[in-house]
Amino acid sequence: MDWKINNIEDYHAQYDEALNSPSEYWAKIADSFHWKKKWDSVMSGSISSSDVKWFDGAQLNITENCLDRHLKTQPEKEAVLFVPNDPSEKETRYTYKELHEEVCKTANMFKSLGVKKGDRVCLYMSMVPELLISVLACARIGAIHSVVFGGFSAQALAGRIEDASCNLIITNDGGLRGNKTIELKKITDEALEMPGCASIKNVIVHKRANNEITMKEGRDHWWHELISDVSSDCPAETMEAEDPLFVLYTSGSTGKPKGIQHTTAGYMVWAAYTFANVFQVEENDTYWCTADIGWITGHTYITYGPLLNGATTVMFEGVPTWPDASRFWQVVEKYKISHFYTAPTAIRALMGCGNEHVDNSDLSSLKVLGSVGEPINEEAWHWYNEHVGKKNCPIVDTWWQTETGGILISPLAGITELKPCHATLPLPGVHPVLMNEKGEEIKEVEAEGNLCIKNPWPGMVRTIYGDHERFKQTYLSAYDGKYFTGDGCKRDSEGFYRITGRVDDVINVSGHRIGTAEVEDAIDQHPDVIEAAVVGYPHDIKGQGIYAYIITSKSASNEIEKEILTEVIKCIGPIAKPDKIQIVKGLPKTRSGKIMRRILRKIAAHEFSNFGDTSTLLDPSVVDEIKNGVL
């Protein structure tokens with residue numbers, strides 16, 4: 001498959017071609033895949049009319065391109081290398097032939113429970129190979145997978161099951177993370193007791209932690225028992241190009257999470273194309289993305305992207321600091337990792353543990369480093385470059401979102417000139433523009449504004465599951481004819497892009513998007529809370545932390561703060577826990593009752609010099625009071 005851009009001249013030529021003749025350009029790329037039927041049109045519709053379609057009329061199955069296609073050329077090549085949580089436990093390896101067999105058996109197991117094309121299947125699992133296999137098994141039979149990160153609470157899980165009306169959930173007895181066991185089955189049981197989860201007919205439980213669990217007769221089934229007598233012959237379901245492939249929930253600026261829906265053909269082409277060009281993985285490389293498959297990064301750059309390219313992808317069950325802070329580097333050394341893709345949060349955390357952990361490992365196998373999830377700060381970029389990459393490895397600082405399906409702006413490894421903290425240049429097919437506060441496109445090269453994308457690209461989100469109107473309002477209404485990313489951005493004199501962070505009410509905590517409204521809703525569940533306002537603030541490790549200003553009917557105490565944290569964990573999960581809670585007597589509100597969050601953001605960041613125009617505040621004295629009590 002000739003998807004690769006080979007040098008900077010090639011990049012510019014392909015960028016221009018994709019911009020000026022998109023249908024011809026993407027038809028050439030798509031020709032490399034296996035199609036059951038070719039498309040009637042490469043691209044139709046527009047962002048303005050919210051009806052974009054790619055490869056419409058085509059028929060395919062993405063798993064034939066991830067698996068079957070490679071059986072003819074490299075059946076014995078390693079497809080997946082699973083590195084378990086405990087360093088003393090042996091790794092598990094799957095060749096393309098073995099992975100194909102496991103996916104087919106798993107797909108038949110799902111079918112034995114009545115799962116069919118178009119059904120929604122929820123996966124609430126830890127990072128075990130069966131999670132990746134289940135994702136592909138759903139795609140094999142045309143079921144829509146909805147992976148829910150194993151750190152979410154029962155309430156959050158229930159909300160996602162209810163929204164997608166899932167009829168099957170797959171989980172583990174427990175998930176192993178460092179020295180902890182996450183009680184996944186127990187949380188699943190709690191979720192299924194909630195009224196919105198009646199659509200679930202069956203639960204498949206994969207045994208991993210051997211912890212104590214309860215199995216409900218008739219509903220709950222052990223994975224190992226169900227799969228023991230199914231066939232490994234499972235022809236791939238014929239899917240239309242625009243059939244949904246998966247729904248993945250992401251936080252919004254309102255309390256209700258959004259089910260981002262990606263379709264089959266466009267997502268496939270984009271996942272394969274971006275993986276090949278950004279990372280420049282070669283035949284004998286071993287590529288490791290440290291993300292969880294519960295997030296979009298694990299969908300596109302652990303599962304689909306690498307397998308579509310016939311690469312070896314590593315799945316890691318553990319955490320970077322257990323048994324100690326050298327774990328990542330020991331894995332790199334042991335398995336001769338060539339490509340390493342992780343989040344700035346992990347880099348900052350490991351940087352804070354001291355250089356001896358990284359300096360004592362042999363990292364000479366590394367060829368490319370990557371950063372994902374949030375903008376990387378300069379100090380972390382230089383540490384990553386010097387201590388991990390030994391100044392020999394290009395760092396691809398990738399910018400993209402759940403909604404984009406894959407990377408939109410990034411250096412191409414070994415091709416693009418690097419600039420610390422800059423995502424640099426857009427990939428072919430991506431037309432970024434910066435918009436000013438008047439809603440006008442900024443034409444000057446050197447500029448700062450809100451980042452929008454002008455033209456459709458194959459991996460673009462098609463809708464919010466079950467709510468197309470919300471999709472249009474959220475992404476396509478702010479700037480006519482453009483997709484609004486929700487991010488601010490700077491463009492330098494060379495045309496390089498640098499993402500400055502969210503401009504809406506979403507906080508990026510360790511690369512995970514948390515809606516402020518979601519956290520406020522959870523805090524408000526506490527009976528003594530009168531009102532809450534949540535903002536992000538700069539955090540040394542996480543990038544952004546969660547700062548909660550809370551008015552309560554009782555005076556401040558450690559007890560009430562603990563209870564509030566418990567409420568947030570119960571409603572959303574530990575990832576949404578406020579880092580700081582300040583009990584206040586009032587919030588800065590305008591006369592119309594709107595909370596002036598920009599003031600709260602500045603106070604949380606200890607920026608007290610300029611609060612801007614506060615003349616519209618109902619009671620300006622509240623600001624001084626909050627400022628004097630800041631944590």
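This is a predicted model: local features need pLDDT of at least 70, side-chain atom pairs count only at pLDDT 80 or more; totals for chains, interfaces and linings use all residues.
Reader: Which residues line the largest cavity, and how many of them are charged?
Author: The lining consists of Asn61, Ile62, Ala139, Gly142, Ala143, Met239, Pro244, Leu245 and Thr264. By class, six are nonpolar and three are polar. The number of charged residues in this lining is therefore none, since charged is a term for Asp, Glu, Lys and Arg.

Reader: Which charged residue is in the lining of the second largest cavity?
Author: The second largest cavity holds about 40 Å³ of space. Its lining has seven nonpolar residues, one polar and one charged. The residues are Val147, Val148, Phe149, Phe152, Leu248, Tyr249, Gly294, Trp295 and Arg160.

Reader: What is the geometry of the aromatic pair of Trp457 and Tyr483?
Author: The structure holds 37 aromatic pairs. In the pair of Trp457 and Tyr483, the centres are 5.5 Å apart and the planes are at 75 degrees. An angle over 60 degrees counts as edge-to-face, so this pair is edge-to-face.

Reader: How many residues apart in sequence are the parts that Trp457 and Tyr483 tie together?
Author: Trp457 belongs to the loop between strand E22 (447-453) and strand E23 (463-464), while Tyr483 is in strand E24 (residues 483-491). Trp457 is buried at 0% relative accessibility, and Tyr483 is buried with a relative accessible area of 0%. The pair therefore ties together parts that are 26 residues apart in sequence.

Reader: Where in the chain are the partners Asp68 and Arg140, and how many residues apart are they?
Author: The structure has 36 salt bridges. One of these joins the side chains of Asp68 and Arg140 at 2.7 Å, N to O. Asp68 lies in helix H3 (residues 62-71) and Arg140 in helix H5 (residues 129-141), a pair 72 residues apart.

Reader: Are Arg462 and Glu242 buried or exposed?
Author: Arg462 forms a salt bridge with Glu242, with the closest N and O atoms 2.9 Å apart. Arg462 lies in the loop between E22 and E23, and Glu242 in the loop between strand E13 (239-240) and strand E14 (244-250), 220 residues apart. Both Arg462 and Glu242 are buried.

Reader: Which residue just after H11 takes a positive phi?
Author: Helix H11 (residues 327-335) has buried residues including Phe328, Trp329 and Tyr335. Just after H11, a positive phi of about 50 degrees is taken by Lys336.

Notes:
Residues are numbered from 1 along each chain as its sequence is written. Side-chain values use heavy atoms; hydrogens and water are left out. On a 1 Å grid over the protein atoms alone, a cavity is a set of points where a 1.4 Å probe fits but cannot get out, and a pocket is an open set with protein on both sides within 12 Å along at least five of seven lines; lining residues have an atom within 4 Å of a point. Grid points are joined across faces, edges and corners, and a volume is the space filled by probe spheres set on the points. Rings of Phe, Tyr and Trp (its six-membered ring) pair if their centres lie within 6.5 Å; planes under 30 degrees apart count as stacked, over 60 as edge-to-face and the rest as tilted. Helices (H or I, at least four residues) and strands (E, at least two) are DSSP runs, numbered from the N terminus. Buried means under 20% relative accessible area, exposed over 50%, partly exposed in between (1.4 Å probe, protein chains only). A salt bridge is a side-chain nitrogen of Lys or Arg within 4 Å of a carboxyl oxygen of Asp or Glu.
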